[in-house]
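Here is a quick walk through a protein model, written for someone who wants to know what sits where. Have the viewer open as you read.

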Amino acid sequence: MLHPPVEPLPASSLLQLIWLASPALPVGGFSYSEGLEAGVDRAGVATESIACDWLTDQLKLTLARGDLAVLAQAIPAWRQGDLLRIQALNDWVLQTRESSELRLQAEQMGRSLLEWLRNHDGANAEHIEACVQMQPTYPVAFALAASQTMAGVRDCLLAYAFGWAENMTQAALKSVPLGQSAGQRILARLSRDIPPAVESALQLADGDWQAFAPMLAILSSQHETQYSRLFRS
């Protein structure tokens, strides 16, 4: 069966997504391990294989069922100017962060991305000011940035997830620690698992979202007082 040709994403939108996914984006993502450093210290994350399994589980159990599901709703809401929906999504992210440091991460990265957007050509000034008023979390601020492109929601989620994967792989390299080749193998596996995670997130109804990861929450709480650490979370 012949499939209709897929319209290529305009170069400007493609580059914008690559930019948003880049670890060089000045939002501080490199300074967080999202509980992984505590996992190294207390939960036996000591090898490439264990670290890879840890991150794969985190992708499927928390990112896909939480942040990616929120993004799938927030991007069209920004495009439609539905600020009540955006506020509700932002509130959900804040309410479901299970430790102080995970909440502070979401808030700090959201503020930093918003500051970046203020100085970015093509940003919607009215939406930026509305976002400021709701003290945005990172997923909601990312959704605002992505909504300015012509990219489809699925492509935006893929970019977000890959940016997360790069930051978390770097966290594993520093905290386990691992070598660069190990990091590339971990990133290769995450890259294979990201598309089905995104498809799952796109299918979730509001009532099916969740951020229930008790071991991760406990480790994150312990990390807040960990004696020696490289990362802020």
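Which salt bridge do the side chains of D193 and R189 meet in, and at what N to O distance? The side chains of D193 and R189 meet at 3.9 Å, N to O, where a salt bridge is a side-chain nitrogen of Lys or Arg within 4 Å of a carboxyl oxygen of Asp or Glu.

## Before you dig in

This is a predicted model, with local features needing pLDDT of at least 70 and side-chain atom pairs counting only at pLDDT 80 or more, while totals for chains, interfaces and linings use all residues. Residues are numbered from 1 along each chain as its sequence is written, and side-chain values use heavy atoms, with hydrogens and water left out.

## The salt bridges

Back to D193 and R189: both sit in helix α10, four residues apart, or about one turn of the helix. Helices here are DSSP runs (H or I, at least four residues), numbered from the N terminus. D193 counts as buried at 17% relative accessibility; the cut-offs are under 20% relative accessible area for buried, over 50% for exposed, and partly exposed in between (1.4 Å probe, protein chains only). Salt bridges that share partners join D193, R189 and D53 into one network.

Searching the whole structure turns up 11 salt bridges. Among them is R42 with D41, at 3.8 Å from N to O. R42 is partly exposed with a relative accessible area of 48%, and D41 is partly exposed, also with 48%.

## The nonpolar core

Which residues touch the most other members of the largest nonpolar core? They are L68 and L113, in a core of 73 residues. A nonpolar core here is a set of buried Ala, Val, Leu, Ile, Met, Phe, Trp, Tyr and Cys residues joined through side-chain atoms within 4.5 Å. Helix α9 (residues 153-175) gives this core its largest share, 11 residues.

Click on L68 and look around. Setting aside neighbours within four places in sequence, L68 is in contact (heavy atoms within 4.5 Å) with L63, L157, Y160, A161, A197, V198 and A201.

## The largest pocket

Rolling a probe the size of a water molecule over the atoms shows where empty space is left. A pocket, on a 1 Å grid over the protein atoms alone, is an open set of points where a 1.4 Å probe fits, with protein on both sides within 12 Å along at least five of seven lines; lining residues have an atom within 4 Å of a point. The largest pocket has a volume of about 200 Å³, volume being the space filled by probe spheres set on the points, which are joined across faces, edges and corners.

So what lines the largest pocket? The lining is W54, D57, Q58, L61, T62, R65, F212, A213, P214, M215 and L216. Helices α3 (48-63) and α11 (214-223) each supply at least two of the lining residues, and α3 gives the largest share, five residues. By class, the lining has seven nonpolar, two polar and two charged residues. In that scheme, Ala, Val, Leu, Ile, Met, Phe, Trp, Tyr, Cys and Pro are nonpolar, Asp, Glu, Lys and Arg are charged, and the others, Gly among them, are polar.

A cis peptide bond joins V176 and P177, with omega about -10 degrees. You'll find P177 in the loop between α9 and α10.

Two residues have a positive phi without being glycine: E34, near 55 degrees, and Q135, at about 50 degrees. E34 is in the loop between α1 (11-21) and α2 (36-42), and counts as buried at 18% relative accessibility. Q135 is in the loop between α7 (125-133) and α8 (138-147), and is exposed, with a relative accessible area of 60%.

## One more loop residue

D208 is in the loop between α10 and α11 and is partly exposed, at 44% relative accessible area. D208 and E101 are 107 residues apart in sequence and 25 Å apart in space, C-alpha to C-alpha.
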